[in-house]
Amino acid sequence: MIIMINSTQVSYFTLAAYFDTEGFKYLFFMIIMSLYILTVCANVLLIVIICMNRSLHEPMYLFLCSLFVNELYGSTGLFPFLLLQILSDIHTVSTSFCFLQIFCLYFYGSVEFTNLAVMSYDRYLAICYPLQYNTQMTSNKVAFLIAVIWLPPFVAVFVTTSLSASLQLCGNIINKVYCDNYSVIKLACYDTRVNNIYELIAASLTIPVPVSVIFYTYIKILKVCFSGSKQTRQKAVSTCTPHLASLINFSFGVFFEILQSRFDMSSVPNMLRIFLSLYFLTCQPLFNPVMYGLNMSKICFICKNLLLGSAEKCRSSNRFVQLE
C-alpha cells in the first residue's frame with residue numbers, strides 16, 4: 001500500500017545508494033577531501049593568474065577564467081556534502097537543501113557545456129578569421145558571451161527545480177549518493193508530463209545546442225587546418241587539444257549519468273555505479289585546470305615562474321638563516 005505524502009509534508013529525503021563501508025569510510029573521506037583541496041587550489045591558482053596578469057586579459061583566457069569559476073562552484077556544490085555523508089551513519093538530507101543541490105549541480109552541468117561551446121566559437125574565429133579576430137571579438141562581445149554562458153542556464157535550471165519542488169510526492173527515497181532531479185520526479189504521485197516535457201526542452205537547449213555549435217566550429221577548424229599552413233595547424237592543435245579533451249571527458253560522465261537515471265543499471269556493481277555517477281562532478285573540476293595549466297603555454301610559463309620564484313626565495317632565506 002502506497003501512502004500519499006504531500007510535497008509540503010516531506011521534510012527530508014533518504015539517499016539509499018550509500019552502503020556500509022566498515023573501516024574504509026575514513027579512507028574514502030581522506031580521498032574525497034584531498035581531491036576537493038586539489039580542485040580548489042588548482043582552480044583558484046589559475047583564476048588568480050588570469051586576473052592578475054594583464055597579458056592574459058584576452059577573450060580566450062577570460063572564457064577559461066569563467067570555466068574555472070564554474071569548476072569551483074560545481075565542486076563546492078558536491079564535495080562538502082559528500083564528506084558529511086561519508087562520515088554520517090544516517091544518510092538523509094532536508095528537502096530544501098536537496099532542491100538547492102539539484103539546482104547547483106544542474107546549473108554547473110549546463111554552464112559547463114555552454115562555456116565549452118563559447119570557447120569553441122572563440123577558437124573558430126581565431127583560427128578561421130585571424131585578421132578579423134580583434135574586430136570581431138570586442139570587449140562588448142566578450143561580456144555578452146559570458147552573459148550567455150551563465151544567464152540562460154540559470155533561468156532554465158531555476159524553472160526545472162521550481163517545477164520539481166512543487167510536485168506532490170509518494171515517497172522520499174532517492175537511490176543516489178546526492179540529490180538528482182529525475183529521481184525526485186519518479187517519486188511523484190501523479191502524472192509528471194509537464195515536468196518531463198520541460199526537462200526535455202531544457203536539456204535540448206543546454207546540451208544538444210552547445211554540442212552542435214562545437215561540432216560545427218570544429219568542422220570549420222579542421223577544414224582550415226587541412227588547407228592551411230603548418231603554423232595554422234600547430235596553433236589549432238595547441239589551443240584545441242585541451243578543449244577537446246575537456247569536452248570528451250565531461251560528455252562521457254554526463255552520458256553515463258543520463259543512462260543510469262533512465263535505465264535499469266542493477267547489473268552494474270554498486271561501487272562502479274557510484275563512481276561513474278560522480279565522475280563528471282568530481283573529476284572534471286580537477287581535470288580542466290590541470291589540462292589547461294599544462295597545455296596553454298602562457299599559463300604554464302607563468303606557473304613555472306611562480307614555482308621557481310618561490311623555490312628561489314626559499315633557498316635565499318635558508319642561506320640567510322645559515323649565515324646568521
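Predicted model: local features only at pLDDT ≥ 70, side-chain atom pairs only at ≥ 80, totals over all residues.
Residues are numbered from 1 along each chain as its sequence is written, and side-chain values use heavy atoms, with hydrogens and water left out.

Now to the chain as a whole. The protein chain has 13 helices and three strands, and these are DSSP runs numbered from the N terminus, with helices being H or I of at least four residues and strands being E of at least two. The C-alpha trace spans about 70 × 60 × 35 Å along its principal axes, and of the 324 residues, 45% count as buried.

Next, the aromatic rings. A pair of aromatic rings is described by the distance of the centres and the angle of the planes. Here the rings of Phe, Tyr and Trp, the last by its six-membered ring, pair if their centres lie within 6.5 Å, and planes under 30 degrees apart count as stacked, over 60 as edge-to-face and the rest as tilted. How many aromatic pairs does that rule give? The count comes to 18 aromatic pairs. One of them joins Y73 and F107, with 5.6 Å from centre to centre and 75° between the planes, which is edge-to-face. This pair links distant parts of the chain, with Y73 in helix 2 (residues 59-76) and F107 in helix 4 (residues 95-128), 34 residues apart. Y73 counts as partly exposed because its relative accessibility is 25%, whereas F107, at 7%, counts as buried. The two tyrosines from my opening, Y121 and Y124, have ring centres 6.3 Å apart and planes at 35°, so their pair is tilted. They are three residues apart in helix 4, which means that about one helical turn separates them. Y73 and F107 also belong to one aromatic cluster, together with F103, W150, F154 and F158.

Helix 6 (residues 139-165) has 27 residues, and from its first C-alpha to its last it reaches 39 Å, close to the 39 Å expected at 1.5 Å a residue, the expected span being 1.5 Å times one less than the number of residues. Helix 6 bends by about 30° at V148, with the proline P152 following within four residues; the bend at a residue is the angle between axes fitted to the seven residues ending there and the seven starting there. Among the buried residues of helix 6 are V142, L145, I149 and P153. Helix 10 has 33 residues and should span 48 Å, which agrees with the 46 Å between its end C-alpha atoms. Its kink, of about 40°, lies at C240, shortly before the proline P242.

Finally, the spaces inside the model. On a 1 Å grid over the protein atoms alone, a cavity is a set of points where a 1.4 Å probe fits but cannot get out, a pocket is an open set with protein on both sides within 12 Å along at least five of seven lines, and lining residues have an atom within 4 Å of a point. Grid points are joined across faces, edges and corners, and a volume is the space filled by probe spheres set on the points. There is one cavity of 30 Å³ or more, and the largest cavity has a volume of about 60 Å³. Its lining includes M60, D122, R123 and H243. Which helix gives the most to that lining? Helix 4 does, with three residues.

The largest pocket holds about 670 Å³ of space. Of the 28 residues that line it, Y106, E199, A203, I207 and I258 lie nearest its centre. Helix 8 supplies the largest share of this lining, seven residues. The second largest pocket holds about 580 Å³, and of its 24 lining residues, the closest to its centre are T21, F28, I86, M271 and I274.

How values were computed
Buried < 20%, exposed > 50% of the residue type's maximum accessible area, 1.4 Å probe, protein only.
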